[in-house]
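I open my notebook on a structure that is new to me, and I write down what I looked up in the order in which I looked it up.

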Amino acid sequence: MKNKRMKIARMEQDMKQEDLAKIVGVTRQTIGMIESGNYNPTLNLCISICRALNKTLDELFWEDQQ
Amino acid sequence: MKKEFINDERDTSQRRKVGSEAGQLLMLGLLLSILVQQYAFNAPFAQYAAEFICFFGASLYILVRNLALGNDFLTRREKSKKWLIISSLVGGLTMTVLMSLTNYAQYGDKHNFFSLSGTIVIFFITSTTLMFLGFSSIYALNKKRQIKIAKKLDEEENDLG
């Protein structure tokens, strides 16, 4: 499932995938794959992304089950 | 309450790690076997051909798979030029030592100090150049694939849907 909230949060911070990748310390491919829903990041990576985007884990990664 | 099945990531990751370590040990064993048979026992190629094919086949597989996936497996980010030079020198030096040992074992009685030194210098220059060309080609292919992936990511990044 695509992670649109992460993409929107990144765009709000005026960051490109490459910028976020550099801050977090991963490759751009990894960020792209998380946003497109093709890779499940570890908790550590989620926390780093949240810190870089000034968001909480809930705001970026929590999904309500219907 | 319905029990939800989730993948035990710790278990999976440790299983993969064990598999990876076993693979690395096997590769090291194959390489040692080739070197010992070739240099210590002076065995004919037919005797260690299976190990040779397995080792270089596995190495080729690792190379091709990483190239196809676009993994930055050769260099660590921005240190590419330094990495290329160091790898070429180390590879060239290793090849020089191996080729010099073989050469000395076969033609040692015909060499004097100058011819032996000259041979070693020629071996070093050719093997380092070959290593540099080889690594540069792999690096160029790796970069080409990464640029292709970056273009695809650009398209996805610009797609606001």
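I started with Ser36(A), which, leaving aside its neighbours within four places in sequence, is in contact with Met1(A), Lys2(A) and Glu156(B), where contact means heavy atoms within 4.5 Å. The model is predicted, and local features need pLDDT of at least 70, side-chain atom pairs count only at pLDDT 80 or more, and totals for chains, interfaces and linings use all residues. I also note that residues are numbered from 1 along each chain as its sequence is written, that chains are lettered from A and ligands numbered from 1 in the order in which they are written, and that side-chain values use heavy atoms, with hydrogens and water left out.

Ser36(A) lies in the loop between α3 and α4 of chain A; helices here are DSSP runs (H or I, at least four residues), numbered from the N terminus. Its side chain reaches the backbone oxygen of Met33(A) at 3.3 Å, and a polar contact of 3.0 Å joins the side chains of Ser36(A) and Asn38(A). I take a polar contact as a pair of N or O atoms within 3.5 Å; within protein, one must be able to donate a hydrogen and the other to accept it, and residues adjacent in sequence count only if both atoms are side-chain atoms.

Next I turned to the interface of the two chains. The contact takes 16 residues from chain A and 14 residues from chain B. The area buried between them is about 1100 Å², of which carbon and sulfur atoms give 40%; buried area is the accessible area (1.4 Å probe) that two parts lose on being put together, summed over both. In chain A, the residues that lose the most area to chain B are Lys7(A), Arg28(A) and Gln29(A), together 45% of what that side buries.

Which residue of chain B forms a salt bridge with Arg28(A)? I found that Asp154(B) does, with the closest N and O atoms 2.7 Å apart, a salt bridge being a side-chain nitrogen of Lys or Arg within 4 Å of a carboxyl oxygen of Asp or Glu. Across this interface the rule finds one salt bridge and four residue pairs in polar contact, both residues at pLDDT 80 or more. On the side of chain A that touches chain B, the elements giving two or more residues are α1 (4-12), α2 and α3 (28-35), and α1(A) gives the most, with four residues.
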